[in-house]
Amino acid sequence: MKFVNCFSRIMKSYIPQSPVTSMKPTCMEELVWKGNGYGQNFGYIYYSTNITHGGNLNFTSTPTDRNEIFVDDAPVATHDVHDTDLAVSIPSPPRNGQDMTLGILVENRGRVNYAMMPYNFLNEQRKGINSDILLDDQAIHNWSIYPLDFSKDFIKRVIDNGTWSSLGKSNRTTPTLYRGHFDIPGNLADTFLWMKDWCKGVVVINGFNLGRYWTIGPTMTLYLPETLLKAHQNEILIFDQHCSHTTVQLRKTPVLSKQTNRMTTRTIN
């Protein structure tokens, strides 16, 4: 398994155009991106800016749907859309006045497909951050915004342009992309991908976005149909937000809960 760090390489190498820049954070729907006014529909969005001091960080409205906060790529806090206390203590820089990179990764966990009177959830949902972020009660300005939609185009850029490093046995705790290969010497068949010992993220098989996984469940496996597989070499791309592992497993049967009996599995390194 190979890896590439999300912040130090994806942001610099995999976005063909310059990041979207804005005085304040902009939600997915309002991004002027890809030459159209439709914004970003799905995936993740990463907000980055420089700050020169620590202090009390707060949001004027709740990011949607789940956000992770980083200072110089080190994780500081994680919030869910249902959290009410969004205050975060940002550490001071090693030297006074030294720039630090504040990064916020927001995950769009999906959208409703209905409207409930008198609320128009269908048209009023906004994903990402759509209001000021305060540091010691002062609004932070000058944001760079990176859409990470994991569309086919995005995945192809990652695969084609990536500079991959050996993962080894290290456990990474920041959002990271991992790339590996596995061979199928015999007949192709439907299978189930078990992300055992991974944390939370997205899996791509042969350029196809297979889906999301999360240790909280409810299901522990992703259905992988025969039609997405190739005879001989196949490619797997994993974006994990919190941890890493050196293998994944292919199973004949799904794991529908955290408790499972032992069934036939095949390990992918």
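Start at Ile 184, which sits opposite His 232 in β18. Bear in mind throughout that this is a predicted model.

That pair belongs to the pairing of β13 with β18. Strand β13 covers residues 176–184, and nine bridges join it to β18. The two strands run antiparallel.

To find a place on the screen, look for Gly 201, whose bridge partner in β18 is Asp 240.

How much of β18 is covered? Seven of its nine residues are buried, so the strand is mostly covered.

Now to the cysteines. How many disulfides does a search of the whole structure find? The search finds one. The disulfide joins Cys 199 to Cys 243, with a sulfur-to-sulfur distance of 2.1 Å. The link is right-handed, with 120° about the S-S bond. Cys 199 is in the loop between β14 (191–194) and β15 (200–205), while Cys 243 is in the loop between β18 (232–240) and β19 (248–251), so the bond ties together parts that are 44 residues apart in sequence.

Is Cys 243 buried or exposed? Its relative accessible area is 8%, which is under the 20% cut-off, so Cys 243 counts as buried. Cys 27 is buried as well, at 0% relative accessibility.

Next, a sheet elsewhere in the chain. Four strands form an open sheet, in the order β7-β4-β9-β10, with antiparallel pairing. The edge strands are β7, residues 88–90, and β10, residues 138–139; each of them pairs on one side only. β4, residues 55–59, is joined to β7 by three bridges. Within that pairing, Gly 55 stands opposite Ile 90.

Where does it lie? Thr 64 is in the loop between β4 and β5, the latter being residues 66–71. Although Thr 64 is in a loop, it is buried, with a relative accessible area of 17%. Its side chain reaches the backbone oxygen of Arg 126 at 2.5 Å. Leaving aside residues up to four places away in sequence, Thr 64 touches Val 81, Val 106, Glu 107, Arg 126, Lys 127 and Gly 128.

Definitions and conventions. Residues are numbered from 1 along each chain as its sequence is written. This is a predicted model: local features need pLDDT of at least 70, side-chain atom pairs count only at pLDDT 80 or more; totals for chains, interfaces and linings use all residues. Side-chain values use heavy atoms; hydrogens and water are left out. Two strands pair if DSSP finds at least two bridges between them. Buried means under 20% relative accessible area, exposed over 50%, partly exposed in between (1.4 Å probe, protein chains only). A polar contact is a pair of N or O atoms within 3.5 Å; within protein, one must be able to donate a hydrogen and the other to accept it, and residues adjacent in sequence count only if both atoms are side-chain atoms. Contact means heavy atoms within 4.5 Å. A disulfide is a pair of cysteine sulfur atoms within 2.5 Å.
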